[in-house]
Amino acid sequence: MLISGVFLLVLSGVSRAEHPALMIMKRHAADRADITEINPYIVSIFALDDVEQNRHLDEVQQFILWYFSSLNYPDRNGLTGTIYDYVLENGKEQSTTTYDSVDGYAGMFLHLLSRYALKTGDLDVLRNNWTKIEDIAYLLPFLQDSNGLTRALPGGNEQYLMDNSEAYAGISAYLKLRKLLHKHTSPYYNLVRSNIKKAIFAQLYESRNRIFSWAVADNQRSFSDWNRFYPDAYAQLFPVYFGLLADRPHLKRHLWNEFVRRYAGQSSGFPAEQRTIYELTGKTMEGKIP
C-alpha cells in the first residue's frame, strides 16, 4: 500500500536490504554481485521500468521520497535541487559529493515522477514536495546556454544528446505535473522546452546522414557512427523515447529500425540500465507507452 508523502525509512542507519534504491537495483541489476553504490540517475531508469510495468510501486514511491530527502541545499557548486551519488559503508549511507551530470539526473527524475503520478494518481507526493520539484526543474533553464542546449555540469561546456533529450522530457514532465495540480501554465517553461527541442535539431541533427551527433562542446560536434555502440548509436534511442520526434514519425522509425537492425541481437549483453532504455523505447514504438 502506498503511503503518500511519508518517508518511512531512517536512512542514516538503514540496512542495505531496506534501502529503496538498492531494492530496485537488485531487481534490475542482479548480475552486480555486491551493490553498494547508489547512482540516482540509474535507479530512476529502473524505477521508471517498474512504473511502466505497474509493479513494486510502493518501492518506487519510497525511492522518490528518498530522492527528495537527499537533495542538496546547496551543493558544492552552489546549486540547489541537485543530488549526489551515494555509497553504503558499514550499512550507512554516505554521499560521494559528486554527480555524473545535473541536467540528466534532473530530467530523468522529473520524467519518472510524472509517469509515477499519472500511473498511481498519487498527487500528495507532488503537493508535499512541490518546492523541491520546482528547484529540480529550475536546474534545467539554469544550465541552458545561449545556443539552447543544456550543459551537463555547471562550469562545463559539454552538451550531450542524451542529457538534452532528458532535459526536454524533464521540462515536459514538469509542465504535466503543474497541470495535474491545476496550477497555471508556465509560458517560461514552455519556452525553455521549445528552445531545447529547436537546439537539439539545430546543434546536433545531421540531416544528410539522418542521425544525431552525440555531443557538442565549444561549437565542435562529436559526430555519431552507427558502428560504434556507445555513445553514438545508443544515444539515438533518447530522442525516440523521450518524445522529441513525435512530429517526425519517419525519422523516429528510421532511427529505431537502424538501431534494432544493428544491435537488437546484442541487447542481452547491454548494461542493465542501457537494456532498460532500449526496452522502454521498444514499448514506446509499439504504442504501449503513451
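Close-up 1. Helices here are DSSP runs of H or I with at least four residues, strands are runs of E with at least two, and both are numbered from the N terminus. This is a predicted model, so local features need pLDDT of at least 70 and side-chain atom pairs count only at pLDDT 80 or more, while totals for chains, interfaces and linings use all residues. Residues are numbered from 1 along each chain as its sequence is written, and side-chain values use heavy atoms, with hydrogens and water left out. Helix α4 covers residues 103-120, and at 1.5 Å a residue its 18 residues should span 26 Å, which agrees with end C-alpha atoms that are 26 Å apart. The expected span is 1.5 Å times one less than the number of residues in the helix. Of those 18 residues, 15 are buried, so α4 is largely enclosed by the rest of the structure. Buried means under 20% relative accessible area, exposed means over 50%, and partly exposed is in between (1.4 Å probe, protein chains only).

**Close-up 2. Where α3 meets α6.** Helix α3 (residues 57-69) packs with helix α6 (residues 130-142) at an angle of about 75°, and their axes are 10 Å apart. Therefore the two, α3 and α6, are roughly perpendicular to each other. On the α3 side, the contact is made by Tyr67, Phe68 and Ser69; on the α6 side, by Lys132, Ile133 and Ile136. Sorted by class, the contact of α3 with α6 has 4 nonpolar, 1 polar and 1 charged residues. For the geometry, axes are lines fitted to C-alpha atoms, for helices over the stretch in contact, and angles run from 0 to 180 degrees between N-to-C directions. Angles under 35 degrees count as roughly parallel, over 145 as roughly antiparallel, 65 to 115 as roughly perpendicular, and the rest as oblique. Contact means heavy atoms within 4.5 Å. As for the classes, Ala, Val, Leu, Ile, Met, Phe, Trp, Tyr, Cys and Pro count as nonpolar, Asp, Glu, Lys and Arg as charged, and the others, Gly among them, as polar.

Close-up 3. Most residues other than glycine have a negative phi, and most peptide bonds are trans. His56 has a positive phi of about 50° even though it is not a glycine, and this residue sits in the loop between α2 (40-52) and α3. With 34% relative accessibility, His56 counts as partly exposed. Arg210 also has a positive phi, near 55°, and lies in the loop between β5 (205-206) and β6 (211-212). Its 35% relative accessibility makes Arg210 partly exposed. Then there are the cis bonds: the one from Tyr73 to Pro74 has omega near -5°, with Pro74 in the loop between α3 and β2 (86-89). The bond from Tyr230 to Pro231 is cis as well, with omega near 0°, and Pro231 is found in helix α9 (residues 229-235).

**Close-up 4. Aromatic rings around Phe259.** A search of the whole structure finds 28 aromatic pairs. One of them, Phe259 with Tyr263, is tilted, at 5.3 Å centre to centre and 40° between the planes. Rings of Phe, Tyr and Trp (its six-membered ring) pair if their centres lie within 6.5 Å; planes under 30 degrees apart count as stacked, over 60 as edge-to-face and the rest as tilted. Phe259 and Tyr263 are 4 residues apart in helix α11 (residues 249-263), so about one helical turn separates them. Phe259 is buried at 0% relative accessibility, and Tyr263 is buried at 6%. Phe259 also forms a tilted pair with Tyr278, at 5.7 Å centre to centre and 40° between the planes. That pair links distant parts of the chain, 19 residues apart, with Phe259 in α11 and Tyr278 in helix α12 (residues 272-285). Tyr278 is buried too, at 13%. These residues belong to one aromatic cluster that includes Tyr230, Tyr241, Trp256, Phe259, Tyr263 and Tyr278.

**Close-up 5. Thr276 and its contacts.** Thr276 is found in helix α12 and counts as buried at 5% relative accessibility. Leaving aside neighbours within four places in sequence, Thr276 is in contact with Ile45, Phe46 and Asp49.

**Close-up 6. The loop at Asn219.** Asn219 lies in the loop between β7 (215-217) and β8 (220-222) and is exposed, at 68% relative accessibility. Asn219 and Gln203 are 16 residues apart in sequence and 8.4 Å apart in space, C-alpha to C-alpha.
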